[in-house]
Amino acid sequence: MSEPFYKYSELPNKKEESGNPIFSGWYADPEAVVFDNKYWIYPTSSLPFEQQLYMDAFSSEDLVNWEKHPKVLSIENISWLRKALWAPAVIEANGKYYFYFGANDIKNNEEIGGIGVAVADTPIGPFKDVLGKPLIGKIVNGAQPIDQFVFKDDDGQYYMYYGGWGHCNIVKMGTDLISIVPFEDGTMYKEVTPENYVEGPFMLKRNGKYYFMWSEGDWNGPDYSVAYAIADSPFGPFRRMGQILKQDKNIATGAGHHSIIKGLDKDEWYIVYHRHPLGDTDGNHRVTCIDRMYFSQDGSILPVEMTNTGVKAASLR
Ligand code: FUB
């Protein structure tokens, strides 16, 4: 039986505070974005790898009441997907929506898999793989091709940060956003790995500074966490400043693989991340949560206080 599908205006029992997790189900690696004054979250379906063959999306007008959009990307539309559909990165550009995904959890360059790209006309898809093969399908600089994040700099140039196994690369995107092109020096991949990096890169620009963030530790365990660096360039160097998100013995363990969205106010920031329920040791039992993130006067990021209450309703209009 298909799951109920609600329009926002029809949602029963609208809430004023999100609570954490913000929606039910095992969901990890949440990519939170804003499209057309609406919040969107695209998470990994946190299931055994062989069952990770689709992705749902969630949308909200206020960060509190979320509407589920089932299977916006699924195996019917990716011919080379076998398992482990991971860690979405979704952007709006060129009048379309581009959905970058990791697939197949490849362990060597003989296997088929890596980072692919699917395109749709709307944020709810159906997203369709456009290349018929991975965009990045090899292990370069020791980085497993997973956990991509696509960042648009102020000059309009898009870059992709990606990589697991403790290595992070940056590549330059072509204007079609389904290709990568050489940097000015002719290279295609630059390694930008900071100290302690494991996976899950994220980039944010604020007041001219590049805030690079990543996850540390093992995503199955309690120590998974998020750290950051500040740089003057999208290429770094990224000097580790410290952790901003980690387990709290009263709230949850294994908090990591995050993304960040901005609210309506000048400095209103939200961190969206996954974490394990207290006492639950199944690595796939990951839930998507949201909390406030604050910058201090000197531009550093204050440690995030994880909550069970989440955030208050915040419209973008
Ligand atoms: O969800 C699958 C993998 O777990 C992601 O690719 C990693 O970042 C970790 O969160």
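Tutor: Let us begin with terms. On a 1 Å grid over the protein atoms alone, a cavity is a set of points where a 1.4 Å probe fits but cannot get out, while a pocket is an open set with protein on both sides within 12 Å along at least five of seven lines; lining residues have an atom within 4 Å of a point. Grid points are joined across faces, edges and corners, and a volume is the space filled by probe spheres set on the points. This is a predicted model, where local features need pLDDT of at least 70, side-chain atom pairs count only at pLDDT 80 or more, and totals for chains, interfaces and linings use all residues. Residues are numbered from 1 along each chain as its sequence is written, and side-chain values use heavy atoms, with hydrogens and water left out.

Student: What volume does the largest cavity have?
Tutor: The largest cavity has about 80 Å³. Its lining has 13 residues, and the closest to the centre are E31, P88, Q148, P201 and H257. Strands are DSSP runs of E with at least two residues, numbered from the N terminus. The elements giving two or more residues to this lining are β1 (27-35), β5 (86-93), β14 (199-206) and β18 (252-262).

Student: And how much space lies in the largest pocket?
Tutor: About 680 Å³. Of its 22 lining residues, F149, F151, M203, L204 and I260 are the closest to the centre. β1 gives the most to the lining, with five residues.

Student: Which classes of residue line the pocket?
Tutor: Ala, Val, Leu, Ile, Met, Phe, Trp, Tyr, Cys and Pro count as nonpolar, Asp, Glu, Lys and Arg as charged, and the others, Gly among them, as polar. The pocket lining has 16 nonpolar, no polar and six charged residues.

Student: Is D56 buried or exposed?
Tutor: Buried means under 20% relative accessible area, exposed over 50%, and partly exposed in between (1.4 Å probe, protein chains only). D56 has a relative accessible area of 4%, so D56 is buried. D56 is found in strand β3 (residues 54-60).

Student: What does the side chain of D56 make a polar contact with?
Tutor: A polar contact is a pair of N or O atoms within 3.5 Å; within protein, one must be able to donate a hydrogen and the other to accept it, and residues adjacent in sequence count only if both atoms are side-chain atoms. The D56 side chain makes one with the side chain of Y27 (2.6 Å). A polar atom of the D56 side chain also lies 2.7 Å from the backbone nitrogen of K71.

Note on methods. Helix = DSSP H or I, 4+ residues; strand = E, 2+ residues; numbered from the N terminus.
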